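Subject: Structure for your review

Dear colleague,

Please find below the structure that I am handing over to you. My notes on what was found follow directly after it.

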Amino acid sequence: MGLRLLPEISRNEWNDTVVTFRDHNFYQSWEWGEARRAMGWKVRRFVFERQGRIVAAAQGLLREIPLLPRVLFRLRGGPLVLGPHGGEMAALKEILEGIRQTFRGGVIRVSPNHPIGNGVEAVLKASGFGRPPGQRPEQ
């Protein structure tokens with residue numbers, strides 16, 4: 001059964017949701033998004049559920065690239081998929097595919113907050129995402 005995108009939620013609902021994920025971090029907080037909004041970024045927040053359980057959340061920043069008909073979508077510290085019900089690698093794969101489809105033709109930068117070896121890197125690679133040349137994994 002696929003993911004269902006939930007409607008927009010309030011600041012308190014967002015922060016209460018993201019802290020339930022073991023991989024939550026400052027870059028996925030409402031406050032970080034609003035600070036970046038004040039600097040000219042558009043903020044996009046997504047909460048996903050499967051069979052009535054929240055399984056993933058992601059906050060991304062969007063900005064037009066000057067002089068080009070493209071956008072930059074920056075997903076720092078997310079998507080969050082290590083929830084209270086365990087890791088949701090299937091959800092991660094669906095979210096990444098949705099991002100690729102939504103921002104087709106744009107520049108997409110995804111840098112999740114996951115330790116190496118838990119399967120996230122393999123899902124990123126299988127979904128067509130890779131490290132920039134010369135960048136090494138953090139330990």
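Two strands are taken to pair if DSSP finds at least two bridges between them. Helices (H or I, at least four residues) and strands (E, at least two) are DSSP runs, numbered from the N terminus.

Please note that this is a predicted model, in which local features need pLDDT of at least 70 and side-chain atom pairs count only at pLDDT 80 or more, whereas totals for chains, interfaces and linings use all residues. Residues are numbered from 1 along each chain as its sequence is written, and side-chain values use heavy atoms, with hydrogens and water left out.

Overall architecture

The protein chain has four helices and seven strands. From the N terminus on, their order is β-α-α-β-β-β-β-β-α-β-α. Of the 139 residues in the protein chain, 37% are buried; here buried means under 20% relative accessible area, exposed over 50%, and partly exposed in between (1.4 Å probe, protein chains only). Among contacts (heavy atoms within 4.5 Å) in the protein chain between residues at least 6 apart in sequence, 62% join residues at least 24 apart.

Strand β3 (residues 53-64) runs antiparallel to β2, and nine bridges join the two. Val43 has Leu61 of β3 as its bridge partner. The hairpin of β2 and β3 has two residues between the strands, and Gln51 in the turn has a positive phi of about 55°. Strand β4 (residues 71-76) is also antiparallel to β3, to which four bridges join it. In β4, Leu72 stands opposite Arg63. Six residues lie between the strands in the hairpin of β3 and β4, where Leu67 takes a positive phi near 70°.

Two residues of β2 deserve a separate note. Lys42 is found in strand β2 and counts as partly exposed, at 43% relative accessibility. Leaving aside residues up to four places away in sequence, Lys42 touches Gly60, Leu61, Leu62 and Glu64. Phe73 is 31 residues from Lys42 along the chain, and their C-alpha atoms are separated by 9.4 Å. Arg50 also belongs to strand β2 (residues 42-50). Because its relative accessibility is 14%, Arg50 counts as buried. The side chain of Arg50 makes a polar contact with that of Glu94 (3.3 Å); a polar contact is a pair of N or O atoms within 3.5 Å, where within protein one must be able to donate a hydrogen and the other to accept it, and residues adjacent in sequence count only if both atoms are side-chain atoms.

Aromatic residues

The structure holds five aromatic pairs. Phe26 and Trp32 form an edge-to-face pair, because their ring centres are 5.4 Å apart and their planes lie at 65°. The rings of Phe46 and Phe48 are stacked, with centres 6.3 Å apart and planes at 20°. For these terms, rings of Phe, Tyr and Trp (its six-membered ring) pair if their centres lie within 6.5 Å; planes under 30 degrees apart count as stacked, over 60 as edge-to-face and the rest as tilted. Phe48 is buried at 12% relative accessibility, while Phe46 is partly exposed at 22%. Phe26, Tyr27 and Trp32 form one aromatic cluster, and Trp32 is buried, with a relative accessible area of 18%.

Charges were also found over rings (NZ of Lys or CZ of Arg within 6 Å of the ring centre and within 35 degrees of the ring normal). The charged end of Arg45 sits over the ring of Trp30, 3.6 Å from its centre. Arg76 lies over the face of Tyr27, at 3.9 Å from the ring centre.

Yours sincerely
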